[in-house]
Amino acid sequence: MTKIIIVIVCFVVCILSFVISIRSFMKMGLLINNSYIFASKNERENMDKKPFYFQSAIIFLLIGLVFLLNGIALLLNIDWIFY
């Protein structure tokens with residue numbers, strides 16, 4: 001039972017990461033990047049957000065892939081995925 005709950009959590013985090021990644025590739029939504037978050041309000045208005053969206057999109061895509069592989073490995077009992 002615990003294994004099923006962990007698999008479900010892995011797939012939910014995977015889907016959320018993919019949604020954030022897709023929205024970042026489209027340059028929409030929240031910009032989750034330290035350079036943007038810690039910048040002053042004046043710097044935020046003047047900065048080019050395109051590279052920050054791209055960086056966040058790649059990172060969330062990779063996070064989603066890791067959770068997808070973890071969920072599949074737990075669900076199907078295959079250990080060779082992370083060899």
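Select Ser 56 and the residues around it. Leaving aside neighbours within four places in sequence, Ser 56 is in contact with Ser 24, Leu 31, Ile 32 and Asn 33, where contact means heavy atoms within 4.5 Å. Ser 56 lies in helix α4. Its relative accessible area is 4%, so Ser 56 is buried; buried means under 20% relative accessible area, exposed over 50%, and partly exposed in between, with a 1.4 Å probe and protein chains only.

Before you go on, note how the model was made and counted. This is a predicted model, in which local features need pLDDT of at least 70 and side-chain atom pairs count only at pLDDT 80 or more, while totals for chains, interfaces and linings use all residues. Residues are numbered from 1 along each chain as its sequence is written, and side-chain values use heavy atoms, with hydrogens and water left out.

**The whole chain**

Now show the protein chain as a cartoon. How many helices and strands does the protein chain have? There are four helices and zero strands, and from the N terminus on the order is α-α-α-α. Helices (H or I, at least four residues) and strands (E, at least two) are DSSP runs, numbered from the N terminus.

Switch to the C-alpha trace. Along its principal axes, the trace of the protein chain spans about 50 × 25 × 20 Å. The radius of gyration of the protein chain is 16 Å, whereas a compact globule of 83 residues would have one near 12 Å. That radius is taken over C-alpha atoms, and the globule rule is 2.2 Å times the number of residues to the power 0.38.

The protein chain exposes about 6,200 Å², and carbon and sulfur atoms supply 71% of it. Accessible areas come from the Shrake-Rupley method with a 1.4 Å probe; for residues, only the protein chains shown count as cover. Of the 83 residues in the protein chain, 22% are buried. Among contacts between residues at least 6 apart in sequence, 60% join residues at least 24 apart.

**The aromatic pair**

Select Phe 25 and Phe 54 and show their side chains. The structure holds one aromatic pair. Phe 25 and Phe 54 form this pair, which is edge-to-face, with 6.0 Å centre to centre and 70° between the planes. Phe 25 lies in helix α1 (residues 2-25) and Phe 54 in helix α4 (residues 50-76), so the pair ties together parts that are 29 residues apart in sequence. Rings of Phe, Tyr and Trp (its six-membered ring) pair if their centres lie within 6.5 Å; planes under 30 degrees apart count as stacked, over 60 as edge-to-face and the rest as tilted. Is Phe 25 buried, partly exposed or exposed? At 35% relative accessibility, Phe 25 counts as partly exposed.

**Two residues with positive phi**

Select Lys 27, in the loop between α1 and α2 (34-37). Lys 27 has a positive phi of about 60° although it is not a glycine. Most residues other than glycine have a negative phi. Lys 27 counts as partly exposed, at 42% relative accessibility.

Then select Asn 77, in the segment after α4. Asn 77 is not a glycine either, yet has a positive phi of about 55°. With 56% relative accessibility, Asn 77 counts as exposed.

**Distances along the helices**

Go back to helix α4 and pick Ile 58, which is found there. Ile 58 is partly exposed, with a relative accessible area of 31%. Draw a line to Ile 20: the two C-alpha atoms are separated by 10 Å, and the residues are 38 apart along the chain.

Leu 62 also lies in helix α4, and its relative accessible area of 46% makes Leu 62 partly exposed. Draw a line from Leu 62 to Asp 48. These two are 14 residues apart in sequence and 23 Å apart in space, C-alpha to C-alpha.

For the last stop, select Ile 5 in helix α1. Ile 5 counts as partly exposed, at 46% relative accessibility. How far apart are the C-alpha atoms of Ile 5 and Ser 56? They are separated by 28 Å, and the residues are 51 apart along the chain.
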